[in-house]
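Good morning, and thank you for coming.

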Amino acid sequence: MIYTAIKTGMHIVNGLPEFLSDDEVCIHLSKKYNVSIFDVRKPPSKKNLHQFTGKIRNVQTPIIKISGTDCAVGKRTTALKLVEALKNEGLNAIFITTGQTGILQGSKYGIAIDVLSSGFATGEVENAILEAIKEQPDIIVVEGQGALSHPAFTSSSAILRGAMPKAIILQHPPKRRTRCDFPKIPMPTLESEIKMLETFSGSKVIAITINHEDMNDQEVENITKAYEEKYQLPVTDVLKNDCSKLIEKLYEIFPDLIQINPLLCQPQE
């Protein structure tokens, strides 16, 4: 299929971990038909990769990580919606991607973490944030991968180590019973994931966001109220509702953000 596409003159954008630019037939055909191959997940050469330096410890800008209880739960979507909402508040918010889809969508900062060796994954997350800091952001939102509790996603721990987030937002699909693509592995509880995240990172989970797969609007409303009462945290579905609860919590935890928007400092009539 890919060979046929090249022969018709189509450029190839490849998000797979198998790199077509290393395929001899693809290389030959791309030259013959004058097309380009973009391997989105192909990492830089080792000489251009970054090891962890510890400089992230000196970053004072609030760094928020969007974690999840599984893969494919909407972490990236929630992160992008939150960044958009923060920008609408007048804040300079920057999104850090850690996967190929974020790169495809045009993220300026980040790299596909899951194809990197363990010696560079943490350093590349740190480096992406340090590069973003040059734009003097008011807040940084980092995309998570998989789940810290998921044995198939070691990238989750690298992102937490490299980003050293000041706070974590946890995305969860209440109706999902087993891990995506792993039907024999049950989903973790919110309690266990929160405990693991907070123990591992030293940061607090400050909000829960819902993936509404297999849920109607009434179920989303009911589970939102139940979770807020049980966990004493703001809970929302950013697709069905908005990010207002998340922003309110961020203002509470990081009051300096309020000073950036003078309208928020004016007394209400």
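Strand β3, residues 63-68, pairs with β7 in the parallel sense over five bridges; two strands count as paired if DSSP finds at least two bridges between them. Within this pairing, isoleucine 64 has alanine 167 of β7 as its bridge partner. Helices (H or I, at least four residues) and strands (E, at least two) are DSSP runs, numbered from the N terminus.

This is a predicted model, in which local features need pLDDT of at least 70, side-chain atom pairs count only at pLDDT 80 or more, and totals for chains, interfaces and linings use all residues. Residues are numbered from 1 along each chain as its sequence is written, and side-chain values use heavy atoms, with hydrogens and water left out.

β7 also pairs with strand β10, residues 204-210, in the parallel sense over six bridges. There, isoleucine 168 has valine 205 of β10 as its bridge partner.

How many of the six residues of β7 are buried? Six of six are, where buried means under 20% relative accessible area, exposed over 50%, and partly exposed in between (1.4 Å probe, protein chains only). In a regular strand, side chains alternate between the two faces of the sheet. Ala167, Ile169 and Gln171 point one way from β7, and Ile168, Leu170 and His172 the other way.

I turn now to helix α2, residues 24-32, where Cys26, Leu29 and Ser30 are buried. Seen down the axis of α2, these buried residues fall within an arc of 100°, so they line one face; the arc is that of the directions from the helix axis to the C-beta atoms. The face turned away carries the exposed residues Glu24, His28, Lys31 and Lys32.
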